[in-house]
Structure formats: structure tokens, C-alpha cells
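Open the model in a viewer and keep the selection tool at hand. The stops below go from one selection to the next.

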Amino acid sequence: MGERSVAAGGGIKVAITGDHVVYHAAPAPVDGPGPLHGYAVVAVTLLAVGGVQLLRSSAGLAAATALLLSAACVLLAGVYLGALSVRRWWRLRRRGLPAWRLDEAVELLGREVEERYGREERLARTHDPIPLPVRWARADPQLLTQDWSDGDQSGADVPSLEGEFGAIADFFRRLPSGRLVLLGAPGAGKSVLALHLARELLAMRRPASSDPVPVVLPLASWDPGRQGLWGWAASRLAQQHPGLSASGGERRALLLALLRDGRLLPVLDGFDELPESARSGALRELRASLGRSASLVLTSRTGAYAAETERHGTGLPGAAVVELQPLAVEAVAAYLTRDGRRTRTGGTVANVWDPVLARIRDPGRDAAALRLRTVLATPLMAGLARTAYTGPAADPQELLDWERFATHEALERHLIDQFITTVYAESLDDRTATGGPSAEEARRWAGFLAHSMRSRQTQDLVLWELDEALPRAVRRTGTAAALALAVVTVRLCGIGLPPWRKAADAPAWTILLAAAVGALVLDGWGGRQRDAGPARHLHRPSGADLRQGARQLRGSLWQLLLPAVSFGAVAALTRGVDAGPALPIMALSVLLAWLVIQLKHALAFVSGPADPSAAGGPPTLLRDDRRAALVTGFLEIVRGERAVPQIGLVLLAPAFLLGVWAYNGGRGTVGAGAWAGTVGAVLAALAVHGVAVSAWGRFAWARIWLAATGRLPWRLMAFLRDAHRRGMLRQSSGVYRFRHIELRNRLADVHGTPATGAAAPDGPVRRRAAAMARRTVVWATSLALLGALTATAGAYGPGGPHDALPPACELLPAQQLAPLMQEPSIGQAGHDQCGIHPGPADSATIFLDTQIMQPAPGKSAVAQAAAYLRGWAGGEAQWLDGPGDEARLVTRADVPNWAKVTVRSGNVLITVDLVHLKPHSAPAPVSVLVQQLARTALRNAALPGPTGDRLDRGRLHPLARFSTSTL
């Protein structure tokens with residue numbers, strides 16, 4: 001029968017082939033950043049600009065004007081945050097997650113976990129060489145709640161609490177409450193049985209059915225004191241299944257809704273692996289999270305669960321509690337002798353296990369045989385024993401040595417050690433030219449990995465989390481290097497001394513260094529988020545993705561409407577106030593913030609979290625992440641998922657501070673080379689940070705450090721692949737795991753101090769103290785960033801180019817005044833002033849004044865001179881094309897015999913004031929004579945003509961042309 005497709009709505013297409021129905025989910029829409037993030041960026045930007053404007057009062061802006069501008073900025077930020085609150089409230093009131101989206105997510109998740117669990121069960125080689133007959137039976141009645149079957153409202157028969165491995169799914173489906181607790185001894189097969197249950201339930205589930213999708217979740221990573229059960233489960237599943245949505249927030253929301261609606265069946269594996277101090281809170285949270293119809297599967301060692309139920313007086317309500325039974329002796333015998341080594345004694349051929357099995361079949365009073373029989377009654381130990389004694393020299397009769405193995409634990413430890421020795425004595429096809437690792441090397445290296453995993457309470461060997469084993473300072477070397485590059489770049493920008501230079505010599509780069517240290521401390525307090533999906537991959541956007549992005553870009557344009565209205569309100573509030581470039585800078589800041597948000601939105605189309613289940617293994621994940629880090633690593637800071645925001649602000653600071661410096665004190669001194677170097681350094685710092693926090697970067701740095709210190713081999717990936725081939729490790733969804741937690745614990749004990757139980761979680765007092773300390777560092781870092789910005793905006797500009805002038809009277813000597821004055825009387829009124837009075841036959845009076853301007857906060861010496869020239873008032877002024885860089889002529893209609901010229905050459909001002917009592921007898925108009933005198937004085941002072949420092953109105957910065965008072 002052919003295939004036909006029908007539309008199911010909500011972007012789902014259904015392909016029907018015979019009796020099979022397959023759902024094809026349309027690509028999930030790429031969700032951009034939440035409104036909180038976008039509006040918060042805008043609000044913080046406006047508040048920062050407002051604060052800078054307030055502090056710029058020392059640079060010439062009136063305090064009242066700066067205060068009004070800052071208030072306007074705060075008002076604008078409040079409008080943004082208010083709009084955010086109203087928008088979120090309206091969206092939550094109108095709609096939640098649509099039903100079709102939940103249907104789509106649960107079907108996609110079902111297909112992913114079915115494929116993953118099937119692959120994991122095959123790789124675990126559960127039935128190699130033959131399946132062990134694992135059975136279960138009713139647990140101790142004290143562990144059962146009295147009403148475990150009260151969920152049966154239809155009178156259905158309660159199933160017998162006994163069964164075997166292959167019937168677990170049928171047994172679970174018959175449970176009225178849908179709640180099951182699997183107990184057993186270490187190595188009894190609880191995790192294997194839970195995985196098999198999930199796989200069988202998925203195989204029985206039909207597409208679009210109401211049956212929940214089982215999801216296996218190791219409990220070791222749950223901290224019930226910090227996170228609720230459903231929130232933790234949603235975050236864990238969101239990390240494992242990035243294909244549900246490109247947005248981590250949407251994935252968590254989808255999965256949380258599915259969990260709370262009962263459309264997912266949590267299979268919680270390893271209650272006993274929680275820290276002993278956390279188990280009581282975990283059981284309490286489990287009981288509180290279960291609604292009347294909620295289904296659940298929980299596995300645990302019998303002793304751990306029994307202790308908590310005794311402490312609470314009850315277990316999980318409505319749950320059936322079964323306990324895995326020890327393997328029968330004959331089942332163990334059939335398993336061990338299946339491929340056991342044969343020996344020939346005389347004419348008799350026997351299995352190497354036969355003498356041992358003969359004693360454990362009928363132990364009688366043989367204590368050693370009884371102990372070995374008990375140990376081999378678990379599938380784990382039976383499997384280890386079968387592998388450990390396949391070597392030609394191995395003799396399993398040593399297991400009956402009473403003095404050597406005085407306890408069950410000693411016997412189990414020996415089996416694990418012998419297993420490692422045996423598997424590393426074998427010769428594999430892919431062994432290296434040096435012969436591969438020895439058993440002792442493998443035990444040392446694997447022991448370090450096991451010790452690290454146990455200290456982090458996890459069974460997953462996530463390669464990029466190896467950096468957690470590094471010292472904290474070493475772990476953040478890459479981020480520290482990126483921050484150091486940013487600070488050094490600011491140091492080399494040539495930013496002048498701050499306005500408080502007399503009180504403290506703390507230039508902008510030293511304040512930025514303090515901010516970098518604070519950002520690094522905050523990053524060490526958990527800035528990196530594993531929930532975001534550490535490994536990434538690049539993908540080419542499809543046509544549908546591009547169309548979706550275009551629609552979302554058009555939809556986001558409305559966000560610019562509110563700034564336009566708000567800026568209109570601010571302009572009205574500041575009408576008639578000389579606000580300088582504040583409004584244009586604010587508008588540019590908002591536009592840049594909006595563009596950053598759109599860039600973050602666009603990144604989701606080309607780079608996203610890698611799907612561990614779809615990857616070929618950890619090496620493939622790392623290769624994909626390396627490619628993504630090298631291509632888009634410099635944009636990682638825009639994504640904002642792997643570092644605290646303060647890191648990004650420090651890394652971007654050099655370019656922003658250079659712009660502030662170029663607009664203020666460094667005007668005219670910042671060339672294209674400085675801009676190119678600074679932008680290049682910023683991009684390099686961003687790239688270094690992006691690679692350092694990527695999965696591949698973290699793994700590469702950890703591998704180098706751990707290999708250099710002798711704790712891991714240089715060829716780590718080859719060692720892990722080899723361990724996987726030998727059966728010590730197994731692969732699961734892009735991570736490695738030890739074959740069993742007991743193997744991990746034994747290796748960890750050999751490597752370091754045996755586990756004594758996890759430390760108790762921090763109490764409320766310590767948590768509050770830590771939160772207060774974190775907030776303190778956040779505020780201190782933010783103030784340091786604002787201080788660096790303020791130091792740059794108000795930094796003293798460069799001095800010069802002129803430091804000294806001849807005495808003022810030497811600039812207009814008597815012999816050069818002959819055409820105008822016959823007997824001038826020259827009087828020196830100081831080094832900078834000169835008065836030239838007329839003699840008996842003269843009619844002109846000349847006053848000459850010189851000034852060498854010094855830099856001021858936010859202004860260079862040249863800018864100071866230009867500002868003084870423009871601020872001079874009185875009379876009718878006109879700008880001259882020369883002399884000097886610029887000159888200003890002032891005359892008065894009511895005083896025709898008076899004129900004044902001020903000439904600026906660099907940072908030097910020369911003012912010539914001429915009064916002619918008989919202008920009609922003068923050789924030229926007074927306005928022309930005063931210009932000639934100014935040129936003469938300029939020439940005698942050895943000052944050049946235009947020096948390139950000309951700051952006339954036509955060459956002002958575009959943002960400042962509307963106001964000359966800012967120069």
C-alpha cells in the first residue's frame with residue numbers, strides 16, 4: 001500500500017503507510033530572546049547614559065541641565081520596563097502554549113527517546129551472551145503504602161507483584177496507579193530494567209495516542225533543596241533534546257507543561273545516588289509533586305529507600321514496590337559456563353568454572369562458597385566474573401579463598417579489579433604502535449575520571465566538563481586572557497588622566513581592570529549555564545528559516561516606535577535647554593541595543609545546540625562545536641548563555657571607550673589606525689572568550705592541563721575509544737559512562753579517598769550570605785564599569801602642541817609698527833600682555849594678549865582654545881578664513897574706530913585690540929589693520945598657519961553640529 005500524507009494542523013504532517021502512522025513535525029519557529037532581556041538591555045543603557053550625563057557636569061555641562069537629562073533617561077527606562085510588564089501580563093492572560101505545539105513536541109520527543117533507548121540497550125549488551133533471568137517480587141510490606149491500588153476506579157484486577165525481566169512493560173501497564181518503585185541490591189539490574197521498561201513502553205505506544213512518553217532521568221544531578229522535581233526534569237530534558245526548539249526557554253516551557261499535564265512518564269533512576277542528606281527532601285518533594293493521576297517510576301537500592309520511608313513513616317503514595325531477586329544458582333552456572341574456558345585433565349574435558357560451581361550449588365557450611373554464591377547472584381558481578389576469568393592464566397577457584405576475601409565487599413572489589421586487568425590484557429585490532437595502555441595506566445587514568453565524576457555526583461562523562469577538575473584560576477584562563485586583552489587595549493588607547501587626577505591617580509584602564517576582576521569572580525560563581533546545551537553545531541538556514549526570520553524582523557520593528565515616542569517626550573522636557581549631544585547618543589544607544597537583540601535572534605538560524613542523540617558520539621560533538629566556535633565564537637557574547645553580562649561589557653569596553661574618548665578629550669587625535677587596532681583587539685578578545693567557553697575549548701584546555709600534570713593521557717580520545725571497545729565504558733547520547741556505578745566507585749576509591757557521603761547542602765544562612773556577596777560584587781562591578789566610562793568621558797585631553805611663547809611685546813616690535821605708529825610707547829604688563837600707546841603724532845592704541853590653553857576634563861588643549869574662542873561675546877563677530885587655524889573679528893557699529901581679532905593656532909590664542917582715534921586718516925580700515933597686526937604677531941611667535949586642528953563649524957562631529965557650546 002502506498003504512502004499518503006495529510007495535514008494534522010499546527011505544522012504537523014502525517015504520513016500513512018499501511019498500518020503505520022508517522023508524524024513529521026514542521027521546524028519549530030526560532031524563538032528570539034525574551035522581552036525581558038531586550039528591554040532590560042535598553043533600560044540599563046539609558047540609565048548608564050543618564051548617569052554619565054550627570055557626571056559630565058564637571059566637563060562643562062551645567063549641573064541643572066545634566067540632572068534634567070538624567071531624570072529624562074530614568075523616565076524613559078521606566079517607560080520601557082512598564083511596557084514590558086504590561087506586554088508580559090497581556091500575553092500570559094491571553095494565551096499559553098498552544099495545544100498543537102504540545103502535541104508536536106510530545107511526538108517528536110517520543111521518536112527521539114525511542115531511538116536513543118534502543119541504541120543504549122544494544123550498546124549495553126544486556127543479553128550477551130544469553131539473557132539472565134532477572135525476576136522481581138513483592139517488597140517488604142512495610143515499604144508499601146496501604147492505598148497503592150486506590151487509583152483503580154473501574155474494578156480492574158490488581159496485577160501480581162511478581163514477574164520476570166521481559167514482562168515488565170505489561171506489568172506496569174496493568175498498575176492502576178501508574179506508579180512503580182524498583183528496589184534491589186547494588187548491581188541487581190535496576191537501571192537496565194528501567195531502561196528496558198521505557199523502551200518497551202515506547203514500542204507499545206501508538207503515534208498521537210494519550211499514552212505518556214517515558215523519559216529516563218538519572219537523579220544524581222538533582223538538588224531538591226534548590227530546584228523542584230518538574231523544573232529540574234524539564235531543564236535536564238531540554239539539554240538532552242535541543243531539537244524540540246531552537247530556544248532553550250521554549251524547550252523548558254514545553255517540557256514543563258508536558259510533565260505537569262502527565263504526558264511524560266518520568267523514570268527516575270538512582271534515588272540512592274542522591275547525597276544522603278538530600279534524600280529526605282527528595283522524597284518529600286516527590287510526594288508533593290505527585291498529583292492524583294501522576295505516573296512515576298523510581299529505582300533505588302533497597303536500604304536507601306527503606307531508611308527514608310521509615311523516617312517519613314510512608315513512601316510514595318499509591319506506588320507498587322517490588323524488589324529484584326537474586327539470580328538462581330543454575331542461571332548463574334549457565335551464564336558462566338556458556339563461553340567459559342575449557343581445561344583437560346587426563347581424558348576429561350571440564351569447564352574452568354565447574355569446581356567453583358560445584359561448591360556454590362551445595363555450600364552447606366562452606367562460608368566461602370556461601371559468600372561467593374551471594375556475590376554472584378547479581379547480574380553485575382556475574383558479568384564481571386565471566387569477563388575477568390576468560391584469560392588463560394585466570395583461575396576462578398581463587399574466589400573461594402576465605403582469608404583473602406573475608407567480606408562481600410572485598411570479593412566485589414577483587415572482581416572489579418580483575419575485570420580491568422583482564423580486559424586490558426587482551427589484544428585489540430586498533431591497538432597503537434606502543435601497545436596501548438597497560439592495566440595500571442588504565443586504572444590510574446580511569447580512576448581520575450571516576451573520582452572527578454563522583455565528586456560532581458554524576459554518571460555521565462561529559463568531556464567538556466572535565467575542566468571542573470581544574471583549579472578555579474586555571475579553569476578560567478581563557479576568559480581571563482580575553483579580559484586582559486581588553487584592559488591592555490584600553491591602556492594603549494592613550495586616554496588621558498581622569499577628572500579626579502588630583503585626588504587619585506586612577507585612569508580608565510585601572511578602573512576597567514577592577515571591573516574585569518569583578519566579572520571574573522561573578523563568572524566563577526556559576527555564570528556558565530549548562531542548561532543552554534554546551535555543544536553547538538552550525539547549520540545552513542533553509543528558505544523557511546529565512547522567511548521566518550524576515551517575518552520576525554518586521555514584527556520587531558514596532559519596538560522602535562516606543563523609543564521614538566519617548567525621545568519626543570524627552571525632547572519636549574528639555575526644550576530650550578542646551579543638552580549637547582545627549583539625545584543623539586541616547587538614540588544611537590537604543591538603536592545599537594535593538595540591533596544586538598536582532599543579531600542574537602539571527603544567530604539561532606545558523607548555530608544552535610547540538611543534538612547528542614543524533615551525533616555519532618562525543619568526538620563528533622566536539623568536532624561540530626569546534627567548527628561553530630571558530631566561525632561564530634566572537635558572537636558568543638551576544639547569545640549571553642555562557643557568561644555573565646559583565647564579561648561582555650568589559651570585552652566591548654575598548655571600542656566604546658575609544659569612541660567616548662574620540663568624541664571628548666581625544667577629539668582630533670584618534671586616527672584610523674587607532675580605530676582599526678582597537679576594533680581588531682575587541683574582535684580578538686571576543687573570539688578568545690568564545691572559544692574558551694565553548695565545549696571544544698573547555699575540553700581542549702582541560703585535556704592539555706590534565707595531561708601535562710600526568711592525570712590523563714595526551715591521546716585522551718584514543719584512550720576513551722579503547723575503553724569503550726573493551727567494555728569498561730559505554731556510550732549514551734553523546735557522553736561516556738562507566739559500565740556500572742559500582743565500577744566507577746571502585747576506580748574512584750583506588751584513585752583517592754573512598755567516598756564518605758556528600759557534604760550537606762548549604763543552609764539558609766550561608767545561601768543568603770552567598771547571595772548578598774554576589775549582589776555586592778554585581779553592584780561593585782557595575783559601578784566600576786560606569787566609573788571607567790565616566791573617567792573616559794571626563795578625561796583630560798592631550799596638551800600642546802605649543803608649550804611656550806615669547807613675551808607679548810616681542811610679537812609687535814616698534815619697527816614693524818612704523819606704517820601705523822611713529823613713536824609708539826610699549827608697556828609690558830606681564831609676559832602675556834602688552835599695551836602699545838600712541839606717541840605725540842600717533843592716533844592708534846594697541847592691546848595684545850596671548851594665552852596658552854591647557855587641557856581640561858573632557859577637552860584637549862586645542863578644544864579648550866576653540867571653546868574659548870567660540871564663547872567670546874560682544875559686538876558683531878564674524879569668522880575669518882585666516883590667519884592661524886581660525887580667527888574671529890569683532891566690530892561695533894556704534895564705535896567705528898575699534899576692532900578686535902582673536903586668532904587661534906593650535907592651543908594658542910592671540911588677541912589684538914585696536915583703537916584708532918582718526919580712522920579716516922588711517923592707511924586702511926580698522927578691521928583690516930587689526931587683521932594685519934594679528935598676522936604679524938602670529939608670524940613673530942613662530943606659529944604656523946592652519947595646522948590641521950581647525951575646529952570650524954563645518955567640521956564638527958555630526959552629533960554636535962547643532963550646538964557649538966559643547967566644544
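Begin with Tyr 305, which counts as buried because its relative accessibility is 0%; buried means under 20% relative accessible area, exposed over 50% and partly exposed in between, with a 1.4 Å probe and protein chains only. This is a predicted model, in which local features need pLDDT of at least 70, side-chain atom pairs count only at pLDDT 80 or more, and totals for chains, interfaces and linings use all residues. Residues are numbered from 1 along each chain as its sequence is written, and side-chain values use heavy atoms, with hydrogens and water left out.

**Aromatic pairs**

How many aromatic pairs does a search of the whole structure find? There are six, where rings of Phe, Tyr and Trp (its six-membered ring) pair if their centres lie within 6.5 Å; planes under 30 degrees apart count as stacked, over 60 as edge-to-face and the rest as tilted. Phe 271 sits in the loop between strand 8 (264–269) and helix 8 (276–289) and Tyr 305 in helix 9 (residues 302–312), so the pair ties together parts 34 residues apart in sequence. Helices (H or I, at least four residues) and strands (E, at least two) are DSSP runs, numbered from the N terminus. Phe 271 is buried, with a relative accessible area of 0%.

Next select Trp 445 and Phe 719, whose ring centres are 5.4 Å apart with planes at 85°, so this pair is also edge-to-face. Trp 445 belongs to helix 15 (residues 439–455) and Phe 719 to helix 27, so parts 274 residues apart in sequence are tied together. Both Trp 445 and Phe 719 are buried.

**Salt bridges**

The count comes to 28 salt bridges, each being a side-chain nitrogen of Lys or Arg within 4 Å of a carboxyl oxygen of Asp or Glu. Select Arg 301 and Asp 272, which form one at 3.3 Å, N to O. Arg 301 lies in strand 9 (residues 296–301) and Asp 272 in the loop between strand 8 and helix 8, so the bridge ties together parts 29 residues apart in sequence. Is Asp 272 buried or exposed? Asp 272 is buried, at 13% relative accessible area, while Arg 301 is partly exposed at 24%.

In helix 27, pick Asp 722 and Arg 726, four residues apart, about one turn of the helix. Their closest N and O atoms are 2.6 Å apart in a salt bridge, and both residues are buried.

Move to Arg 904 and Glu 886, bridged at 2.7 Å, N to O. Arg 904 is in strand 22 (residues 895–905) and Glu 886 in strand 21, so parts 18 residues apart in sequence are joined by the pair. Arg 904 is buried at 0% relative accessibility, and Glu 886 is buried at 1%.

For a network of salt bridges, select Asp 467, Glu 468, Arg 475 and Arg 698.

**Last stop**

Finish in strand 21 (residues 886–892) with Arg 892, which is partly exposed at 40% relative accessibility. The C-alpha atoms of Arg 892 and Glu 876 are separated by 5.9 Å, with the two residues 16 apart along the chain.
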